[in-house]
Amino acid sequence: MILHRTDIRLYLLYVVIMGGRNKPLYDIILVSTAVMLLTLIYVYYREKEYFQEESPKNIAILFSGRISGYTYVEQKLEELQNKYNATFFISLNKNERSHYIDTFCKKFKIGDDQAIVQKTISPEWIRSFDVVYNVPGGKEGDSVDTMYSMVKNIDSAFKLIGPYQEKHNLNFDCIVFYRADIDSHETMTITMPQENVIYIPEGADHHGINYQVAYGNYDTMKKYSEVVNNLQKLCGEQHITYHPESLLKYHLENEGLTIARFPFNYSLHPMRQEPCPEYDDTP
């Protein structure tokens, strides 16, 4: 039952009128009113707490393959990290660290045990697979090596988490995969992930499922990150086209994960493809 302000005002007016006529009755009504108001306050805060989704306490955010273009969205990344007091991890496809990478690590408090920088070598057998431009919406210019770098470095970034947890005696209750070139119109809302559920934003599915952002608990994100270890099965046995969103969709199905979609208003920054001399954007 919901009481409106008019209901409460009429009730209080009734208390005042009756109190003037009958003192014992007034006392009873006054006590009853106090009890009723306290009960309403209790119910309000209990329901507010019940319906408010719990946020994770310890969050790790992974970046894979490349960070070029992050300077265009630096403030947005700061807001994300500060909102959740998140720990960043990176695995980058570069021959060596540069001033650009060092600046990113310093800016977002990424220590040596939170970063891998190494050249990603694609295995020759991936070149036998049906590639991205065989999928509607794909284009021939997309690189087989670029995609392999992406899935390989997601796995490598995730593998940094276990040793970090042991070293610092903590457990992350939520792991997020994110891109350093995301221009979000709002800071992403992250709720406490459930077992065996992968949370993926709506949109950007590209004939598969969004491969730009996702989060889940440790066990779920371990499965999410293992696309690279299942390429032979996905492409060789199941004949899935070598295309990121398609591979992820079937990989998640194979792993038996429940997919929960959520709204997140974002885009990839339009300047992300511009040359970045400081980063030496060619791996």
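**Entry 1: salt bridges**

Before going on, I noted what I'm looking at. This is a predicted model, where local features need pLDDT of at least 70, side-chain atom pairs count only at pLDDT 80 or more, and totals for chains, interfaces and linings use all residues. Residues are numbered from 1 along each chain as its sequence is written, and side-chain values use heavy atoms, with hydrogens and water left out.

How many salt bridges does the structure hold? I found twelve. A reminder to myself: side chains of opposite charge can pair when their charged atoms come close.

Next I checked how covered the partners are. Buried means under 20% relative accessible area, exposed means over 50%, and partly exposed is in between (1.4 Å probe, protein chains only). D181 is buried because its relative accessible area is 8%, while R179, at 26%, is partly exposed.

Then I looked at D183 and K76, whose side chains form a salt bridge with N and O 2.9 Å apart. This pair links distant parts of the chain, since D183 is in strand β5 (residues 182-184), K76 is in helix α3 (residues 74-84), and they sit 107 residues apart. My helices (H or I, at least four residues) and strands (E, at least two) are DSSP runs, numbered from the N terminus. D183 has 18% relative accessibility, so D183 counts as buried. K76 has 28%, so K76 counts as partly exposed.

I also looked up R127, which forms a salt bridge with E124, their closest N and O atoms being 3.5 Å apart. E124 counts as exposed because its relative accessibility is 60%, and R127 is partly exposed at 41%.

**Entry 2: helix α5**

I moved on to α5, residues 144-158. The helix has 15 residues and reaches 22 Å from its first C-alpha to its last, close to the 21 Å expected at 1.5 Å a residue. The expected span is 1.5 Å times one less than the number of residues.

Is α5 mostly covered or mostly open? Mostly covered: eleven of its 15 residues are buried. Among them are V144, M147, Y148, V151 and F158.

D155 is in this helix too, and D155 counts as buried because its relative accessibility is 3%. I listed its contacts (heavy atoms within 4.5 Å). Not counting residues up to four places away in sequence, D155 touches S225, E226, V228 and N229.

**Entry 3: the cores**

A nonpolar core is a set of buried Ala, Val, Leu, Ile, Met, Phe, Trp, Tyr and Cys residues joined through side-chain atoms within 4.5 Å. Which residues of the largest core touch the most other members? Of its 37 residues, Y224 and Y242 do. Elements that give two or more residues to this core include β1 (59-65), α5, β4 (174-177) and α9 (244-255). The largest share, seven residues, comes from α5. I also found a second, separate core of 35 residues, which includes F88, I90, F104 and A180.

**Entry 4: strand β2**

Seven of the seven residues of β2 (residues 87-93) are buried, so the strand is largely enclosed by the rest of the structure. T87, F89, S91 and N93 point one way, and F88, I90 and L92 point the other way. β1 and β2 pair in the parallel sense over six bridges; two strands pair if DSSP finds at least two bridges between them. G65 stands opposite L92 in β2.

**Entry 5: α9, and a cysteine check**

α9 has twelve residues and reaches 16 Å between its first and last C-alpha, close to the expected 16 Å. Its buried residues include P244, L247, L248 and H251, and the buried residues of α9 pack against α5, β6, α7, α8 and β8 (258-262). After α9 comes G256, with a positive phi near 70°.

Finally, I searched the whole structure for disulfides (pairs of cysteine sulfur atoms within 2.5 Å), and I found zero. C174 counts as buried because its relative accessibility is 0%, and C235 is buried at 7%.

Definitions and conventions: Salt bridge = Lys/Arg side-chain N within 4 Å of Asp/Glu carboxyl O.
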